[in-house]
Amino acid sequence: MAFSWQDAQVREKAFYDRIYRDNQGDIPSYQPFTPRRCVAFAQKTVQRFGYTLDAFGGKVLADIGCGPHGIISGLELFAAEHGAMPQRMYGIDPLMEAYKAYEEYGVLREDDVIQLLAARGEDVPLPDGSCDYVFCTNAVDHVEDPEAVIREARRICKPGGALCLSVHIVHPAWTWSGPLLWLVDRNHPHHFRAGTVLRLLRRYFERVTVCRSVRVVEDHPEFTFASILTAPHRFRAAKRWLSDVVLRSLYVRCET
Ligand SMILES: C[S@@+](CC[C@H](N)C(=O)[O-])C[C@H]1O[C@@H](n2cnc3c(N)ncnc32)[C@H](O)[C@@H]1O
């Protein structure tokens, strides 16, 4: 770990406060999520793991490191309109109290289906074998102890259940830069190689399938080289472009 998890979390909260509390996101990717965006995000995410939004009717889901909307908001909004409502969905995040306070946007709300837990993925307050699906998207490189989070995900998975994990990994051509990445990127306490993550997952899950590898620019169309030339914050734009060069998002389905 290049620097402390606590330091990264202070930055993470400042990042989301800028978007949701102060409404000062500087690019469309970093504007508050609307209900429509929540559904689109959930749809894109579950599809990358090989599912459709109607696959979770009656199921129990956990979203570890869900952030201010997670996939659970979009799943619930979709199911309210089209059916296939999950039985229960847990949003789990150590910054949950801050996310709940973004009331104006209200993308994460507790109700009969969604329960929000202010907790760390290393110590999930759910019983063994309680979830059909555990999602952990773009979060395991943010946590203090990634292996403990994967172990917890396995513990709460029902027999026959699955962990769907996405994570930024360093492109093989750039692995030499790994020890230097913390100089430009202090929001992530970890920068993984694909092999490291897959080895960890195979330690706890019987079947580990890489479903997709996605370029950062696919999710953030503003992270291009050209945008550096017009951006008001050029250094920030250059770092964003660099993230597209150096990183890929890996989508991995892990079955018990
Ligand atoms: C980049 S956000 C991802 C949010 C959401 N999953 C998504 O895909 O948009 C990373 C999240 O991981 C959370 N996180 C950091 N440390 C964690 C931990 N130890 N356990 C669980 N979540 C953690 C952060 O608070 C943050 O909300």
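This is a predicted model: local features need pLDDT of at least 70, side-chain atom pairs count only at pLDDT 80 or more; totals for chains, interfaces and linings use all residues.
The largest nonpolar core contains 55 residues. Within this core, the most contacts are made by Ile-64, Leu-75, Val-134, Cys-136, Ala-153, Leu-163 and Leu-165. Among the contributing elements, strand S5, which spans residues 157-170, gives the most to the core, with seven residues. Ala-153 illustrates the contacts in this region: when residues up to four places away in sequence are not counted, Ala-153 touches Ile-64, Val-134, Cys-136 and Leu-163.

Most residues other than glycine have a negative phi. Ala-84, by contrast, shows a positive phi, near 65 degrees. Ala-84 is placed in the loop between helix H3 (72-82) and strand S2 (88-92). Because 15 other C-beta atoms lie within 10 Å, Ala-84 is classed as partly exposed.

A positive phi, near 55 degrees, is also found at Asn-138, again a residue other than glycine. The loop that holds Asn-138 runs between strand S4 (131-137) and helix H5 (146-156). Asn-138 has 16 C-beta neighbours inside 10 Å and therefore counts as partly exposed.

Conventions. Residues are numbered from 1 along each chain as its sequence is written. A nonpolar core is a set of buried Ala, Val, Leu, Ile, Met, Phe, Trp, Tyr and Cys residues joined through C-beta atoms within 7 Å. A residue is buried if 20 or more other C-beta atoms lie within 10 Å of its own, exposed if 12 or fewer, and partly exposed in between; C-beta atoms are placed from the backbone. Helices (H or I, at least four residues) and strands (E, at least two) are DSSP runs, numbered from the N terminus. Two residues are in contact if their C-beta atoms, placed from the backbone, lie within 7 Å.
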